[in-house]
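We'll go stop by stop, with a note on what to pick and what to look for.

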Amino acid sequence: MELSESVMKGLQNVADPNVFDLKSFTIFTELVFDSLVSPQCESVLGHPELKHIDQTTLKHCHAAATTFILEGVKQNADKSTISSCLEDARFQIERVDLLYTSLQKNKTNLEYLLSSIDTCPPHITDAAWRLEYCIKNSHLHKVNQPSYLISLNTERGGASSEINFSCTMEQLQDLVGKMKDAAKSLERASQS
Amino acid sequence: MPLRFSVTGGKCLLETWEGLNEFLREDTNKQFSIISLSNNCYANDTQLYTSHSSRMIRRELLTSLLDEGPPSSTQFPAHAADVGQLYTIVNFPGFSLPMHIYLLNMIWIHKGQARRRHPLGIQLQKMLLVLSEEHKEHLGFLSEVDSAVVGEFGRIAVEFLKKGSNPKIFEGAARKLNVPAESVQHGVEGLMYLLTESAKLMVSEGDFQDSVLVLGFSEELNQLLLQLYLENRKEIRQILGKLAPSLPHYHNLEWRLDVQVSSRALRQQLKPSVSLKLVLEDGESLRARVLQTDPSTLQHLIQELERALAELKSSHCRRVLRNIK
């Protein structure tokens with residue numbers, strides 16, 4: 001696992017018992033994970049238990065710790081990789097274990113977080129439909145045709161929009177048929 | 001308000017019932033093509049006409065009415081019920097119709113616009129074309145040229161409807177016929193309008209003939225116009241259908257199964273997804289949209305759209321589709 005110099009330095013500060021005693025370290029670790037996983041959490045800076053630490057250093061350490069954790073989750077690093085990395089930063093065994101346990105505990109959530117950072121085509125979330133029967137219009141009387149109006153809800157990066165289109169019964173059957181083909185082959189692929 | 005009977009086979013206009021009486025006495029052997037009743041104000045509104053087979057019955061009824069008073073049920077046992085109510089007044093929109101006139105045509109007059117089939121085969125139509133004076137004038141030009149030319153004009157009119165108009169053709173034709181180009185243009189445009197209006201309202205054969213009757217053309221010309229209308233009606237309706245406002249139409253769907261294995265933010269993933277390419281048709285152009293969905297949403301979409309399809313087969317829907325025609 002490759003880490004930049006600044007991150008290493010920050011980690012070394014975290015490891016340093018002069019900067020973080022064991023109690024502060026525990027609280028600090030907890031806060032770091034919280035800040036990644038929960039949407040609202042207490043800020044590391046200005047936390048009552050960590051007031052005695054220089055705030056600039058604290059900020060640096062926080063950044064370094066979060067970077068390290070995310071790198072670990074991204075690479076799906078195993079225990080030996082993480083341990084060796086932390087030992088390079090002069091972590092004591094105790095602290096390594098603490099950090100590693102918290103990491104395992106929060107791993108699923110962190111993975112979920114990272115996988116949602118993604119560019120992709122607009123993602124369909126829902127479909128609404130309307131069936132109507134056209135009797136006449138300004139250009140043609142006695143039309144007497146049923147038709148569907150379909151609206152697909154799509155989302156992209158949080159912003160949602162709609163795709164509206166109309167179709168006849170045959171076209172809708174064609175659409176549903178093709179979607180069923182896709183679903184079937186999905187099932188087959190998952191079984192094989 | 002004088003009631004007017006217009007009789008098409010003989011092409012005369014009878015202003016009063018006495019006139020009708022006279023006419024019938026003289027021409028008892030002549031076949032009417034239509035007996036229609038029109039009122040000055042509602043000439044375009046309703047028209048009653050008889051079908052061929054019932055004509056003879058009607059004539060009998062009519063002559064006997066005028067000769068001997070109301071027919072008795074013994075004379076016309078099939079219509080006994082109606083004969084019994086001879087003095088009921090049936091209401092037309094705007095004026096009342098004495099029963100014997102109703103009997104004359106044996107229609108059921110309804111306030112709505114429904115077309116009803118009477119056992120004798122008479123239909124109350126509401127689909128008569130309104131031709132403005134200007135329009136009639138333009139079309140009047142057609143009676144001045146012979147039918148081959150009218151046929152040609154008809155063909156040109158249909159071409160123009162399909163592909164757009166080409167003014168140069170007018171000049172050529174005008175020179176050949178030795179008439180001003182404007183009359184040719186008006187004639188052809190008049191024809192185009194006649195065809196589009198008839199196609200739009202989906203007028204039946206009989207109604208079309210009646211509408212054209214107003215122009216006073218020869219029988220041959222009328223037939224020609226009728227043929228032109230019937231042959232091209234479907235296509236003209238298709239063209240008109242494209243003019244109506246509409247949303248993009250579904251054209252095609254392509255799909256692809258994907259599994260995301262890695263991304264910049266997270267290595268070692270296994271995320272299945274379905275990529276869809278939805279092709280929509282908007283007017284003339286095709287537009288493709290690339291979309292994505294996950295397997296569970298795909299199932300949900302399929303369920304929802306199947307529900308939509310099933311709705312068309314429900315009894316409520318079937319009832320509506322059956323009854324609105």
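Which element supplies the largest share of the lining of the largest pocket? Select α10(B): with 5 residues, α10(B) gives the largest share of that lining. Before going further, note that this is a predicted model, where local features need pLDDT of at least 70 and side-chain atom pairs count only at pLDDT 80 or more, while totals for chains, interfaces and linings use all residues. Residues are numbered from 1 along each chain as its sequence is written, chains are lettered from A and ligands numbered from 1 in the order in which they are written, and side-chain values use heavy atoms, with hydrogens and water left out.

**Stop 1: the largest pocket**

Now pick Val143(A), Thr168(A), Gly241(B), Ser246(B) and His249(B), which of the 34 lining residues lie nearest the pocket's centre. The space here is about 1,400 Å³. A pocket, on a 1 Å grid over the protein atoms alone, is an open set of points with protein on both sides within 12 Å along at least five of seven lines; a cavity is a set where a 1.4 Å probe fits but cannot get out, and lining residues have an atom within 4 Å of a point. Volumes are the space filled by probe spheres set on the points, which are joined across faces, edges and corners.

Colour β1 (123–134), β2, β3 and α6 (169–191) of chain A, plus α10 (219–243) and β9 (271–282) of chain B: each supplies at least two lining residues. Helices (H or I, at least four residues) and strands (E, at least two) are DSSP runs, numbered from the N terminus. By class, the lining has 14 nonpolar, 10 polar and 10 charged residues. Here Ala, Val, Leu, Ile, Met, Phe, Trp, Tyr, Cys and Pro count as nonpolar, Asp, Glu, Lys and Arg as charged, and the others, Gly among them, as polar.

**Stop 2: a hairpin in chain A**

Select 145–156 and 159–167 of chain A to get β2 and β3, which run antiparallel and are joined by 9 bridges. (Strands pair if DSSP finds at least two bridges between them.) Tyr148(A) stands opposite Cys167(A) in β3(A). Then zoom to Gly157(A), which takes a positive phi near 55° in this hairpin, where 2 residues lie between the strands.

**Stop 3: the largest nonpolar core**

Show Phe20(A), Phe28(A), Phe68(A), Ile69(A) and Phe91(A): of the 39 residues in this core, they touch the most other members. A nonpolar core is a set of buried Ala, Val, Leu, Ile, Met, Phe, Trp, Tyr and Cys residues joined through side-chain atoms within 4.5 Å; buried means under 20% relative accessible area, exposed over 50%, partly exposed in between (1.4 Å probe, protein chains only). Not counting residues up to four places away in sequence, Phe20(A) touches (heavy atoms within 4.5 Å) residues including Leu50(A), Ile53(A), Cys61(A) and Arg95(A).

**Stop 4: the cavities**

There are 3 cavities of 30 Å³ or more. What is the volume of the largest? About 60 Å³.

Finish with the second largest cavity, about 40 Å³. Its lining draws on both chains, including Ile124(A), Met179(A), Leu253(B) and Leu291(B), and comprises 8 nonpolar, no polar and no charged residues.
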